[in-house]
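Please open the structure in your viewer and keep the selection tool at hand.

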Amino acid sequence: METKLRMVVTAGPTREHLDPVRFLSNPSTGRMGFAVARAAAEAGYEVVLVAGPVGLKTPKGVVRVDVVSAREMFAAVEAAKADILVATAAVADWRPKSCAKKKLKKGEMSGVLELVRNPDILKSSKVRRKIGFAAETGEAVAEAVRKCKEKNLEFCVANDVTAPGAGFGVATNRVVFVYPDGTAKRLPLLSKLAVARRIVAALQRGRSRK
Ligand code: CTP
């Protein structure tokens, strides 16, 4: 590679606070995204890893930006000015309407939590080449085709998180590469690093770059 292409990878969950000690989130550990960042750095890309709160070591040769909320993640992705965006993060689609400065006492909470939509980072990003993930509990391929079209993706990595060996916190994944025209390439059960290397290889082949 003559000039290094810059890739931004989002990873992990986001946290959407309602006060300093409470938040909405999900069980994403960031392993898939960290594996993509590592595989891309090893393949010669300049990598910016935008990570939600996770307990993982930064891969060698990767610049890491830690964020908490979806809005912070969006700002960090925009600031990275990448050529390629690989969005593996489990971004919270909604956040509490307001965040109290001090811990809320139970008497101060009504029992109803008002939520507002977060930005869709992948959909809004103007990065030219975008790869997304679709972690589903069924209909993964159909959902991935929809996401390819809606978010203008080069391809989408679909997985059924309820399948054996796939899902949050495990070292393996069973994925399908899904393209906007509906083509689907099913991969066997692989380590997350092996899946990451396949993603980088698919990107390098640049199947639908034009
Ligand atoms: N994504 C994102 N910003 C969001 C939501 C999702 O960047 N606010 C990205 C994810 O990182 C993933 C892709 O979009 O690469 C699909 O995310 P997913 O949560 O599966 O889908 P949603 O767009 O939230 O759609 P739905 O709730 O209809 O499944």
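A residue is called buried when its relative accessible area is under 20%, exposed when it is over 50%, and partly exposed in between. The model on display is a predicted one.

**First stop: A100**

Select A100, which sits in the loop between β7 and β8 (115–117). Is this residue buried, exposed or partly exposed? Its relative accessibility is 23%, and because the middle class lies between 20% and 50%, A100 counts as partly exposed. Now display the surroundings of A100. Not counting residues up to four places away in sequence, A100 touches L18, D19 and P20.

**Second stop: A92**

Which residues are in contact with A92, once its neighbours within four places in sequence are left aside? They are T14, E16, A70 and N118. Select S69 as well: its C-alpha atom is separated from that of A92 by 8.2 Å, and the two residues are 23 residues apart along the chain.

Select K81 in the loop between α2 (70–80) and β6. Its phi is near 45°, a positive value in a residue other than glycine. The relative accessibility of K81 is 68%, over the 50% cut-off, so K81 counts as exposed.

Continue to E139, which lies in the loop between β9 (129–136) and α4 (140–151). E139 is not a glycine, yet it has a positive phi of about 55°. E139 is exposed, because its relative accessible area of 63% is over 50%.

Select residues 192–205, which form helix α5. This helix has 14 residues and reaches 20 Å from its first C-alpha to its last, close to the 20 Å expected at 1.5 Å a residue. Which residues of α5 are buried? Colour K192, L193, V195, A196, I199, V200, A202 and L203 to see them. Then step just past α5 to G206, which takes a positive phi of about 55°.

**Last stop: the whole protein**

Clear the selection and display the entire protein, which has 5 helices and 14 strands. Its radius of gyration is 17 Å, close to the 17 Å that the globule rule gives for 210 residues, so the protein is as compact as a globular protein of that length. Taken along the principal axes, its C-alpha atoms fill a box of roughly 55 × 35 × 30 Å.

Of the 210 residues, 46% count as buried. Among the contacts with a separation of 6 or more, 61% come from residues 24 or more positions apart.

The protein exposes about 11000 Å², of which carbon and sulfur atoms supply 52%. How many positive and negative side chains does the protein have? There are 38 positive and 20 negative ones, and the centres of the two sets lie 4 Å apart.

Definitions and conventions: Residues are numbered from 1 along each chain as its sequence is written. This is a predicted model: local features need pLDDT of at least 70, side-chain atom pairs count only at pLDDT 80 or more; totals for chains, interfaces and linings use all residues. Side-chain values use heavy atoms; hydrogens and water are left out. Contact means heavy atoms within 4.5 Å. Helices (H or I, at least four residues) and strands (E, at least two) are DSSP runs, numbered from the N terminus. The radius of gyration is taken over C-alpha atoms; the globule rule is 2.2 Å times the number of residues to the power 0.38. Buried means under 20% relative accessible area, exposed over 50%, partly exposed in between (1.4 Å probe, protein chains only). Accessible areas come from the Shrake-Rupley method with a 1.4 Å probe; for residues, only the protein chains shown count as cover. Lys and Arg count as positive and Asp and Glu as negative; His and the chain ends are not counted. The place of a charge is taken as NZ of Lys, CZ of Arg, CG of Asp or CD of Glu. The expected span of a helix is 1.5 Å times one less than its number of residues.
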